[in-house]
Amino acid sequence: MAPTLTLEEAYLAHRERLLRFLRARGGGEAAEDLLQELWLRLAAAPDPAAAAGLGYMMRAADRLMIDRYRSERQSALRDKAWAEAQPGMADGVAAAPGPERELAARQEVARVERALAELGPRAAAILRRHRIDGLTQRAIAAEFGVSLSTVESDLRRAYAAILATREDGP
């Protein structure tokens, strides 16, 4: 059923209040989306005149939040049950990789280490300090006593070497 003008006017008049209500009830970032879903529910109401009342809108918003809570709770329970059924996932630790995957990973690490060794010790060290230790490029430049553009250049060369190892394969 198409919404009547009075329902739409009432909804727009109470929109901010409904939005605050949804945020206060735990809607957070999704409050705008929930408000849109509330409008769809109100527009489909069998009695648009009754749906235009603030009490009706607030109760519909409350039910919407209850439905959302139940849905999230069921989702969390389902995810927990699934994780408990997986070996090693119940304690937050994934199962160990199979021997084939472990071997492939070791081979890939060896290829990357060879490629970085060909670049020279400075480029490899700069990549490690940036990607593994999390230092900024400016801090690395100060540590190594080189310019920022040198650090950027070494990182570009290191990234290109790593990409080349992936393209070349085993």
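The largest nonpolar core of this predicted model has 21 residues, and L7, Y11, L22, L35, L38, L42 and M57 touch the most other members. Three helices, α1 (5-27), α2 (31-43) and α4 (54-85), each supply at least two residues of this core. The greatest share comes from α2, with seven residues.

Y11 is one of the core residues named above. Leaving aside residues up to four places away in sequence, Y11 touches L18, L35, Q36, W39, L42 and M57.

Helix α4 has 32 residues. From its first C-alpha to its last, α4 reaches 46 Å, close to the 46 Å expected at 1.5 Å a residue. The buried residues of α4 are M57, A60, A61, D62, L64, M65 and A83.

Helices α2 and α4 pack against each other, with their axes 10 Å apart and an angle of about 120° between them. Because the angle has this value, α2 counts as oblique to α4. The crossing of the two helices, α2 and α4, is right-handed. The residues that meet across this pair are set out below.

| Helix | Residues in the α2 and α4 contact |
|---|---|
| α2 | L34, E37, L38, R41, L42 |
| α4 | Y56, M57, A60, A61, R63, L64, M65, D67, R68 |

Several residues have a part in both pictures. L38, L42 and M57 are among the core residues that touch the most other members, and L38 and L42 in α2 and M57 in α4 also belong to the contact between these helices. On the α4 side, M57, A60, A61, L64 and M65 are among the buried residues and also meet α2.

Note on methods:
Residues numbered from 1 in each chain as written. Predicted model: local features only at pLDDT ≥ 70, side-chain atom pairs only at ≥ 80, totals over all residues. Heavy atoms only, no water. Core = buried A, V, L, I, M, F, W, Y, C linked by side-chain atoms within 4.5 Å. Buried < 20%, exposed > 50% of the residue type's maximum accessible area, 1.4 Å probe, protein only. Helix = DSSP H or I, 4+ residues; strand = E, 2+ residues; numbered from the N terminus. Contact = heavy atoms within 4.5 Å. Expected span 1.5 Å × (residues − 1). Axes fitted to C-alpha atoms, helices over the stretch in contact; angles between N-to-C directions. Parallel < 35°, antiparallel > 145°, perpendicular 65-115°, else oblique. Left-handed = near helix turned anticlockwise from the far one by under 90°.
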